[in-house]
Amino acid sequence: MTRTPLIVGNWKMNNLLTDTESLCAGIVDGLGSRNGVEAAVCPPFTALTTARSAIGESALGLGAQDCHAAEKGAHTGDVSAAMLLDAGCRYVILGHSERRADHGETDEDVAAKVSTAWSTGLTSIVCVGETEAERNNGSTTAVVERQVTHSIPTGGAAADKLVVAYEPVWAIGTGRTPSVEDAAAVHRHVRQILRARFGDAVADGVRILYGGSMKPDNAAAFLADPDIDGGLIGGASLKAADFLGIVEAARGG
Ligand code: PGA
């Protein structure tokens, strides 16, 4: 089955409104009418509306970096899935390792957010990945299996509403990456878990992205692997040329 590659920019806590306007304009310009690949940016909450205007009717998608598990209510400082939809988002990144580390998010917390995102109509990009210590002690497979199993709720999974991002924590922002073979082996394992739990239609349709120091010069090798369906891009998503270079690699891959 053919899965349309998906390239997502995770801006993290970067970019003021003027940066947002120029970066979105640069990406939209370069993206043109390109088909065969889906691309999206995930700015911080404060820049979503500005990004939405800059993106206009172009093919570039919009997402956010987190949402609360509750639909609304007394949660000072938090943002709901419905607010993201209202701001023009299609995607939400959930369970990124920086949120797991900085905010103590557990797999169960992530699953609750995914449920709410789904019932709101957002596509969840669920992040999993081992730390360096876990990799060194040989528990990558077990850690990823636990995260995939418990961070994705049982009810409501659909191929177009779920994206999984495999991001080894030690590769994020470090310039280091696993080999394509090592990453692809984890991707295949994730797909097996999805197949056992949700059946063939979901397992074959879900995009499994690689994330962690993906750049224009290494993207083509990762994206050429049939089990790597795109990328979640941090640092290289902050420059239009770099992000577009990865989108271009996805078109060829
Ligand atoms: P990086 O970040 O591309 O800067 O390594 C990826 C991510 O954290 O999503």
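**Close-up views of helices, loops and buried side chains**

View 1. Asp229 sits in the loop that links α10 to β8. A quick note on the model: it is predicted, with local features needing pLDDT of at least 70 and side-chain atom pairs counting only at pLDDT 80 or more, while totals for chains, interfaces and linings use all residues. Residues are numbered from 1 along each chain as its sequence is written, and side-chain values use heavy atoms, leaving out hydrogens and water. Helices (DSSP runs of H or I, at least four residues) and strands (runs of E, at least two) are numbered from the N terminus. Asp229 is buried, with a relative accessible area of 6% (buried is under 20%, exposed is over 50% and partly exposed is in between, using a 1.4 Å probe and protein chains only). Its side chain joins that of Arg191 through a polar contact of 2.6 Å. Such a contact is a pair of N or O atoms within 3.5 Å; within protein, one must be able to donate a hydrogen and the other to accept it, and residues adjacent in sequence count only if both atoms are side-chain atoms. Setting aside neighbours within four places in sequence, Asp229 is in contact with Arg3, Thr4, Pro5, Leu6, Arg191, Val206, Arg207, Ile208 and Leu209 (contact means heavy atoms within 4.5 Å).

**View 2. Helix α8, end to end.** Arg191, the partner of Asp229, is one of the buried residues of α8. The expected span is 1.5 Å times one less than the number of residues. After α8 comes Gly199, with a positive phi near 95 degrees.

**View 3. Where α7 meets α8.** The axes of α7 and α8 come within 10 Å and cross at roughly 40 degrees. The two helices are therefore oblique to each other, and their crossing is right-handed. On the α7 side, the contact is made by Thr140, Thr141, Val144, Glu145, Val148 and Thr149. Axes are lines fitted to C-alpha atoms, for helices over the stretch in contact, with angles from 0 to 180 degrees between N-to-C directions. Angles under 35 degrees count as roughly parallel, over 145 as roughly antiparallel, 65 to 115 as roughly perpendicular and the rest as oblique. A crossing is left-handed if the near helix is turned anticlockwise from the far one by less than a right angle, and right-handed if clockwise.

**View 4. Gln147, tucked into α7.** Staying in helix α7, here is Gln147. Is this residue buried or exposed? Gln147 is buried, with a relative accessible area of 6%. Its side chain reaches the backbone nitrogen of Gly129 at 2.8 Å. Not counting residues up to four places away in sequence, Gln147 touches Arg100, Asp107, Val128, Gly129 and Ile152.

**View 5. Asn218 and Ser213.** Asn218 belongs to helix α10 and is buried, at 18% relative accessible area. Ser213 is in the loop between β7 and α10 and is buried too, at 8%. A polar atom of the Asn218 side chain lies 2.9 Å from the backbone oxygen of Ser213. Beyond four places in sequence, Asn218 contacts Thr177 as well as Ser213. Now look at the backbone: Ser213 has a positive phi of about 55 degrees although it is not a glycine. Most residues other than glycine have a negative phi. Lys12, in the loop between β1 and α1, also has a positive phi of about 55 degrees without being a glycine.

View 6. The 13 residues of α11 (240-252) should span 18 Å at 1.5 Å a residue, and the end C-alpha atoms are 18 Å apart, which agrees. Buried in α11 are Ala240, Phe243, Leu244, Ile246, Val247, Ala249 and Ala250. Their cover includes β1 (6-10), α1 (17-31), β2 (38-42), α10 and β8 (230-233). The axes of α1 and α11 come within 9 Å and cross at roughly 35 degrees, in a right-handed crossing. There, Leu23, Gly26, Ile27, Gly30 and Leu31 of α1 meet Ala240, Phe243, Leu244 and Val247 of α11.
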